Structure formats: structure tokens, C-alpha cells
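Keep the viewer open as you read.

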Amino acid sequence: MKSVLKGIFHKKQDNETDSNGARKKSDNRGVTISVCAGTGGVAAGGYDVLNAFAAQLEEKGVAAKVGERCRVHKVGCRGFCAKDVLVDVCIDGDTTTYQFIDPGKAGRIVEEHIIGGAPVREWIAGPDYANFHSKQKKILLSDCGHIDPEDIDAYIAAGGYGAAEKALSSMKPEDVIIKIKESGLRGRGGAGFPTGLKWELCRAAGENPKYIICNADEGDPGAFMDRAIIEGNPHSIIEGMIIGAYAIGANEGYIYVRAEYPLAVERLRKAIAQARGNARLGENIMGHGMNFDINVKLGAGAFVCGEETALIASLEDRTGEPSHRPPFPVQKGLRGKPTTINNVETWATIPKIISNGPEWFAAIGTEKSKGTKIFSLVGNINNTGLVEVPMGITLREIIYDIGGGIPNNKNFKAVQTGGPSGGCIPLSHIDTPVDYENLTALGSIMGSGGMVVMDEDACMVDVAKFFVSFCMDESCGKCTPCREGTKMIVKLLDEITGGEGTGEHIAKLEELCGALKETSLCGLGKTAPNPVISTIRYFRHEYDAHISSKKCPAGVCKALITFRIDMSKCNGCTACAANCPQNSIIGEKKKPHEIIQEECIKCGICFESCKFGAVTKGQA
Amino acid sequence: MTKIRLNGKEIEADEDATVLDVAMQEGLDIPALCRHEALAPYGACRLCIVEAEGPALRRSLLTSCNLKTFDGMSVETESPRVKSSRKVLFELLLGRSPDSKPLKEMAKRFGVESTRFATDRSDDCARCGLCVRACQDRIGLSAITFAGRGQKRRVTAEIGKLSETCIGCGACANICPTGAIKLEDNGNERKIFLHDTVISALALAGCESCRKPYATLKLLDYVAAHPDNKYGLNIKLKLCPACTRKHYAGEHSKILLSYSRTNPD
């Protein structure tokens, strides 16, 4: 009873959300140290840093002085993973963010900053940290970095489960659906289907029982948005699913999470157990008579199981292969019953929409793409990490303002959006506002939110081959075009990058890509050709160079590059010869050296070893 | 009934019929490898694609084997879009199975006689799944099944030894459209071959009357024990189909004779 009352009568504490959905600054007196403990943070030593701070506070008597208003806690991903371990020190409401913290630095921070009142300047996150955040708008990630994801009380204190309370106590299921429709929320898994409409169709489907599923399979290489939410704020997903189950009329939910996310799985299980222990899951949720529970099911290493019908097959212990639609899952899904499947991000957005109202959400973004989207910004970019931005922000703003541009003074070449199903967008379109329709018009997709930035050293044919190879490996093999076609496409690209391209290769590629797009059974096959189609569209000259001139302009494709030693620059230091794994560089000490071309495997080690610029990388 | 437009012609179709059913009834030739009337549509080969559109359907290529008709639907089975994709699909299948006579004949019927997409590892199996589905969904066993994902997907029985599950009914060999599975009866033994490898070798029962081998012992036992078995009498008699017919003809004539004796008119 006490735990039920806690939810209903819990006084809103100081740490509430403001009208933007962002957390208000803590005006709690005392000391709070927040240490990043997402997978990235943990890998960088987050737990050791956490323990070091706790020990230092104890040792230096801070804990004794300030008492319970002094705490160290772990928090979820704040996005700028490149700066891990990130530590926020908040004293009486003033927060300082430290970067690159290791356990050895805890002592000085405690002494000089917490006790002495003077922050340690040289360790504070620099202006690039502020730039990284300045154009972001945190809604889904607003609590990540502020609350301990393994503590339901922290979630509740931040206003968590308030939206579920509001829905269950004061709204009819149909009203909830109307609000979601009005918000304009579109599925964040990639397809962008209107969420409110999906829920409406599912509710209207005649059969019972109904099910809801959270798709946490996140298979796109380089994507970790969902992981950050699950590791940083798992209760937001649970709360979203409670509201969804209420709206649709379901009593059972599943979270299908890829097995390659052990920390996310652990945090999710803990959160579900805590929710059950606090009347947020199970019977009579928060005293409002609703029964709903969630089970976690692990994936088993198949990208294709992110496709909804294949996911359902996997949930039913059948082979993870897609089946044709219609019927759609909202009509006939899990066990043949009406099922709503939504992505992690979609579920996590629901509580915010219910709390703040659909107008608030619809005021963000563009006409057809409302709200924010999390992108994983990776590749040749200065500020790598997760960013949450309003729809409509331009690619240029994301890459240059938030991302800090391209490192090492290199030029931007292309940005690949939407994972292996997406396309590559060149400089000429970099001022495009990001939304579903614009990205599709450019030959790419929003996808789950992967954003890979490439500089001038990337070979676009090689990039296309990389992504199609991934799809080829992950194809379930059921339908002819994807099973046989992806392999053929990779073979043709291999021939092109190997210097064996002919005048017919592009035509064959285009025909194959067309057939896959038009006739594949599921989205994997239908979108596998996108990287090829978009690179042929925007980087045709690179394909032509590989085929006609047998050159790789970016100097990547091994068969098409030659390493040579410039005799006029070589002083015979023998560094290259000493490092050559083939022992194929000949020459006497202090005399110019030479590479035996027939034996060269193009590893590039000599190029890296030479400090005099005597080894050149040129066209074949 | 639904009203649809098929290649420009207005047709009334059964609500439960698929576009492929309707097209076949109209005498249209649409290729289909993984379809069989005894099995649920599978949608794997993709050869039966048609170009369709309607009130709630954007113009697109869809497989006709699992496409139900609806009012206002318009279907083209030989549009340029259909033909160009279909050509590539046949080429891919021929690349995988260049030696399959039935597949080559089907492809030829649709104007594809060669392929630009040869693979380095070919076999006669088009991965249509008919054998797997027949065995699992109709016979109720899984003696033959798919293994592997993507490129490595292949049909297999038990690995490394003869199948202990197979009852030798021959459904897989019978339904295989490319000739990858073959059945051979030799004396008292029935062998089933997948890609020329024996996957099942079972003893045949001889007919009690004419002594000819006619079914595997395992099949007879399976049918006798099966809850859907309506032919218990046949099994108990242990007669081949021809002798069974003779037996029943004899029984019927006995009934007719005895009837005519008591009713001379």
C-alpha cells in the first residue's frame, strides 16, 4: 500500500521538468557528483571513478560534514562519449562538468573544488562541450546524465510515472490515442509510421488479447541511441509502455532486446523488477485497476529480427524470418493477435507527450516531422557521440556546429544516414533540414538515426560495398532477390574495387538494385541497395574512375594504388624495409630504397613508417 | 465478390481468391516457383509479381500468390516494370541453378534463356521451401528443413546420416519444382536423393496380393497411427492401390449381386 501511495501522493521535489521537458537545475543544497555509467562510460572506467569519489569524500570528511546531502551516483549517457569519463559536480545548484576523469583525479577535485570552492580549471570540459550541446534539444535524453538509472525513486523524484498516473486516473484510452495522434509522433524505428494511427488501428482490431512490443533490437552498425535510453533511463520505456497498453487494451508487453547489449539488459531487468515492486507493473497498477506486465526477450544475433514480422517469429520461438504483410501486426501479430510494435525511442517519448501535451511536442520540428530525434554522430567528426536535435535542423548544423567539423583539416565528403539501409549525402545537400521526407527525397532515409560522417579519404565505392556486405551477411535468405541479389551486388563492387570493372558493371548494378528494391519480401532487401544507388547518383565519377581509369581517387582500394619510394627524398634510413611484413623493400643503408612491386601487398606500413615523406601513395 | 481490373479487363472475383488464382483462372501465364495449392502462400521466390494499385494501394509490385482481391483493384501482369524485375529474378535463379531443366524451361517461357549472374557455387535447389513446408505443414514431420542464413541457406535432412524421421512418403520429391530431390524405388528399397546424396533409405512393403512393393513400411505405420486416418481399412488390407481397387470392386459387385437376387426387378 505504501508503495502505491508513494506514487499517488508523492510530493513533487525540487528536480522537476520545466515546460520544455528539460530538467530544472537542482536547487537542492548539498553536493551531488554524477559519474557517467553508460556502456561507454563504464568502458572508460566509470565505476572506478565512482568508487574513487566515494572514497575521497569519505576520507576527506566531506560526507561527515554535509551528511545525506552529499552523494555520488551513476548516471546515463549524456552524449559526448568522446570525453568520457564525464563527471558533473553540483554544489548547491551550481554544476561544473569535468571531462577525461580517471580515479586518480578524484582527490584533487574533492579537495580543491568541493572543499576549497575552486574548480580545477584544467580538467573542466572546454568550449567544444558547450558547442556540442548548444543546438541540441534534450527530451528523450533529458534525464540521462541526471538520474541513477537503477533507482526508481530517482525517476519518480524527477516526475517519473506522473504521465502514467495522469493517463490512468484522468484520461480514457481513446483520449490517450487522440493526444498521441495530435502530437504528430512518428515511429522512430525508421519507417516513420504515425504512432497514434498505429495505436488506433490496433485498438480497433476485433480480437483479444492484444499485445505491445518494444523493439530494442537496434542492429544498425554504429547506432546506439536505443542503448543509451535503456541504460540511462529504462523507466521511461516502461512508463511509455504502460500508457500504450492502457490506450490499446493490452495486458502483456514484451521488450525484445539484442543480446549484444548486456548492460542494457541488466538495467532493464532491474527496472522491471523495481517497477513491479512499486505497483508500476503487475496487478492494479498505481491503484487504478489496470493489469499489465512486461517480459524481456533476448535476440540471438540476427539483424533481420529487427524487422517486425521476423521479430514476432523470434518471440514465438520460430526461425527469425519475415513474412508477407498484410496482415500487419496490428491486425495479426504475436500469436495471431493484434500487436503494436514500437521502437525504444517512440515508447520513451510517450510520457513526455502525455505530461506536457501534444501541442508542446507538435511545436517542435517541421510540419510533417514533429519532435526531436536522437542521432549517433560517428565517423570522421570531431565531436563523436549521441545528439538529440529538433527535426528541421540542417545537416550542416549537426556536422559543423554540434559535431565540431572534420578533424585533421580534412574536407567533408559525405554523410551516411539511416544505417546500412541509408544513402550517402554529399556536400551539395548539406543545408538540407533533417526530416523524414527530405532524407527520403535525397535517396537516403532517417532510419534509426545513425549518422556516419566521411572525409575526403573515404572511397565511396568501398563504402557502398561495406554496407551492402553487411546486408548480405544479415539476409535471412528466404526471398530470391535479397539472398542472391545482395551477393551479386557485392561481387560486382568487388570487381570494380579490384580493378576488374567493365562498361557493363554500372548497368548490372542498377538493374539488380532496382529488382531488390521492387521485389524483396522485407525492408532489409528493399533498402539494401540504397548505399549503392545513392553513391552512383552522387559519386558517379568515382565509379567511373575505378572502372575506366582503374584509379581509386581516395587512395583506398588496394588493387588500384601503388606505393613508391621517391629516390630523391629517400635517405636510406631503412625504417620502411625494417617494417615491411613482406621483406619486399630493398636497399643498402644510407642509399635510396626500392619497393618490389610484385610482392607488395599494399598494407601501407612503409607509408606510415617513413618520416621523410619519401614513400608516396599513388594511382596504379 | 469483388470487382477488379486485370490487364485492362473487368472481372468479378471471389473475395477469398488471390490475384494469382484469378489470373490462372483467366488463363494467364504467371510464373511461380514456391506456390502450391496444397500449401499456404510463402512469398519466397517473388516470381509471381504483378503491378497493382487501388483506392488504398499505391502503385507497386506485389507478389500475386498472397494478394487478396479488393474492389477497385487494378492489376497488370506484363507491364514493363514487372518484366524487368522478373527478368532479373530469373537470371538470379538461373545463376544459382544453371543445370535445372524445369527451371530453365520455365525461364525460357518468359523470355530468359541465359544469366549474367553466375555464382561459383551452384546447385539445383531454388530455396523455394516447398519440400520443407510440405513435410512440416501437411505431413506433420520435419524430416527435411532449412539450415543456415542468407547465402548459406540450404535444404537439408539429417546431417551426416540417413534420416530417422523420414517416412518415405515422397511428398518432397513429388513437389520439388527443380528436380533437386529425387525418389528411386529399387526392389524392396526406396531411396530419396537430395543433390544426388541419399538422405533417406527405407524398406518397402510388398502388396499381399500382387507382391509388388508399393509403400514404405514406415509410411504405412505412420498413416495407421495418424489421428486423421480415414483409410484404416486400406492399411489393414496391405494392398497396393491397384489391388485395393480390385478388392473394393469385388466387394461392391458382391453387394450388387446380393441386392439383385433379393430384388429381381
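A salt bridge here is a side-chain nitrogen of Lys or Arg within 4 Å of a carboxyl oxygen of Asp or Glu. This is a predicted model, in which local features need pLDDT of at least 70 and side-chain atom pairs count only at pLDDT 80 or more, while totals for chains, interfaces and linings use all residues. Residues are numbered from 1 along each chain as its sequence is written, chains are lettered from A and ligands numbered from 1 in the order in which they are written, and side-chain values use heavy atoms, with hydrogens and water left out.

As for confidence, pLDDT is the predictor's own score for each residue, from 0 to 100. Chain B has a mean pLDDT of 93, with 98% of its residues at 70 or more. For the complex, the predictor gives an ipTM of 0.92 and a pTM of 0.90.

Now to the charged pairs. A:Lys270 and A:Glu266 form a salt bridge at 3.5 Å, N to O. They sit four residues apart in helix H13 (residues 262-277) of chain A, so about one helical turn separates them; helices are DSSP runs of H or I with at least four residues, and strands are E runs of at least two, numbered from the N terminus. Both belong to a salt-bridge network that also links A:Lys74, A:Asp148, A:Glu150 and A:Arg267.

A:Asp143 pairs with A:Lys352, with the closest N and O atoms 3.9 Å apart. A:Asp143 lies in the loop between helix H6 (127-134) and helix H7 (152-157) of chain A and A:Lys352 in helix H15 (residues 344-356), so this pair ties together parts that are 209 residues apart in sequence. Both residues are buried, where buried means under 20% relative accessible area, exposed over 50% and partly exposed in between (1.4 Å probe, protein chains only).

How many residues of chain B are in contact with chain A? There are 28, and they meet 30 residues of chain A; contact means heavy atoms within 4.5 Å. The count between the two chains is six salt bridges. In one salt bridge, B:Arg116 meets A:Glu511, the closest N and O atoms being 2.8 Å apart. Helix H2 (residues 80-96) gives the most to chain B's side, with eight residues.

Finally, find A:Thr519 in helix H21 (residues 505-519) of chain A. This threonine is buried, with a relative accessible area of 1%. Its contacts include A:Pro481, B:Arg46, B:Ser85 and B:Leu89, not counting residues up to four places away in sequence.
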